[in-house]
Amino acid sequence: MSERIRIAVDAMSGDLGPRVAISAAQNFTARFTDVDIVLVGNEQQLLTFSSVKKLSRQRISILNATEVVAMDEDPLHALRHKKSSSMWLAIQTLNNNDTDACVSAGNTGALLAMGKYLLKTFPGVERPAICKAMPVEQGQTYLLDLGANTNCTPEQLYQFALMGKILASSTNTNPRVGLLNIGTESTKGTEVIKAAQDLLQDDSRLNFAGYIEANKIFTGEMDVIVCDGFHGNVALKTCEGTARFIAKKIQAAFKRNWFTRIAGGIIWPLLKQLRTELDPSMYNGASFLGLQKVLVKSHGNANKRAFMQALIVAREQVIQNIPARIQQELSNESFSSQQ
């Protein structure tokens with residue numbers, strides 16, 4: 001890593017387009033003076049939002065890209081035919097060591113395919129895992145995989161546990177690792193999960209705390225929760241949908257009559273604080289752990305605040321040197337013997 005941190009931003013991808021990426025980049029560089037941003041996208045379109053001189057003053061440059069990967073585009077088609085896209089060129093800057101991290105709000109499958117092709121995974125890692133921080137009663141917990149691998153072997157779940165542990169170790173010296181399961185008893189779960197449990201129990205580097213059920217995700221009992229991408233994605237979207245449902249029910253309840261409106265006004269400061277603590281934008285930014293460089297996925301419909309949070313995640317992982325630490329952990333003789 002160079003003395004300054006350089007982050008490439010796929011400015012064209014995502015549901016909301018370059019306006020969000022540019023605004024987030026401007027706010028981000030104003031807050032973090034040790035970072036330079038490379039906006040990758042259609043130069044003429046990007047310059048309609050801000051002048052070259054203004055961007056230059058804010059330590060933001062532009063790398064022209066003539067194509068965009070559509071949100072519904074087939075990942076393999078994008079991999080083969082979109083080598084002039086903002087997504088490909090942004091990742092390529094990372095591969096060429098011109099940047100230290102890359103952030104995109106684009107097509108997850110295409111981002112995964114291009115990331116794996118250009119950046120490569122570490123030896124022994126078949127596929128990267130998507131990992132995201134989740135708010136819990138105290139602090140946060142990391143959940144992985146969130147959709148990159150719908151079917152996993154016990155060895156892959158073991159790899160996810162090691163990589164998640166490294167990420168969680170940046171804020172917790174001895175993170176507790178759990179396996180998502182339908183029960184906490186040792187007899188519960190599929191044969192894959194049971195075999196993964198044996199691998200996790202046998203590695204002394206992991207503070208393996210056993211199985212955890214989905215209704216305990218937010219208790220903070222575990223600092224890292226491991227699962228395959230199918231169940232992780234279902235759990236994540238169920239949580240997001242439940243949060244929106246509760247928020248709508250609360251709003252409707254306070255609008256019911258004059259009494260509830262008065263009650264809502266009285267407790268509004270408390271509700272506002274709670275909404276801030278649970279705001280999904282504060283937890284935006286999922287990492288592709290297992291790749292040899294820092295690649296962060298922002299939510300497709302992320303607003304300016306959420307996209308900036310994804311940039312913060314990228315910066316933190318560069319500073320903490322997460323890929324190098326994962327590589328060191330995976331090259332450990334104990335890991336190699338499990339393969």
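1. Ala90 counts as buried, with 0% relative accessibility; buried here means under 20% relative accessible area, exposed over 50%, and partly exposed in between, using a 1.4 Å probe and protein chains only. Ala90 sits in helix α5 (residues 86-95); helices (H or I, at least four residues) and strands (E, at least two) are DSSP runs, numbered from the N terminus. Leaving aside residues up to four places away in sequence, Ala90 touches Ala8, Asp10, Val40 and Cys102, where contact means heavy atoms within 4.5 Å.

2. A word on the model before you go further. It is predicted, so local features need pLDDT of at least 70 and side-chain atom pairs count only at pLDDT 80 or more, while totals for chains, interfaces and linings use all residues. Residues are numbered from 1 along each chain as its sequence is written, and side-chain values use heavy atoms, with hydrogens and water left out.

3. Now the sheet. It is open and mixed in its pairing, with 11 strands in the order β3-β2-β1-β4-β11-β10-β5-β6-β9-β7-β8; two strands pair if DSSP finds at least two bridges between them. β3 (60-64) and β8 (207-212) are the edge strands, and each has a single partner, so one side of each lacks a neighbour in the sheet. On average, neighbouring strands are turned by 25° against each other, direction ignored; axes are lines fitted to C-alpha atoms, for helices over the stretch in contact, and angles run from 0 to 180 degrees between N-to-C directions.

4. β7 is worth a look. Four of its five residues are buried, so β7 is largely enclosed by the rest of the structure. Three bridges link β7 (residues 176-180) in parallel to β9 (residues 224-226), where Leu179 has Val226 as its bridge partner. Four bridges join β7 to β8, also running parallel, and Leu180 is partnered there by Ile212.

5. Helix α11 (residues 304-319) lies across β1 (5-10), β2 (35-41), β4 (101-104), β10 (286-289) and β11 (294-297), at about 140° to β1.

6. Finally, the second largest pocket holds about 530 Å³ of space. Among its 25 lining residues, Thr108, Asn233, Leu236, Lys237 and Lys297 are the closest to the centre. A pocket is an open set of points on a 1 Å grid over the protein atoms alone, where a 1.4 Å probe fits, with protein on both sides within 12 Å along at least five of seven lines; lining residues have an atom within 4 Å of a point. Points are joined across faces, edges and corners, and the volume is the space filled by probe spheres set on them. α9 gives the most to the lining, with four residues.
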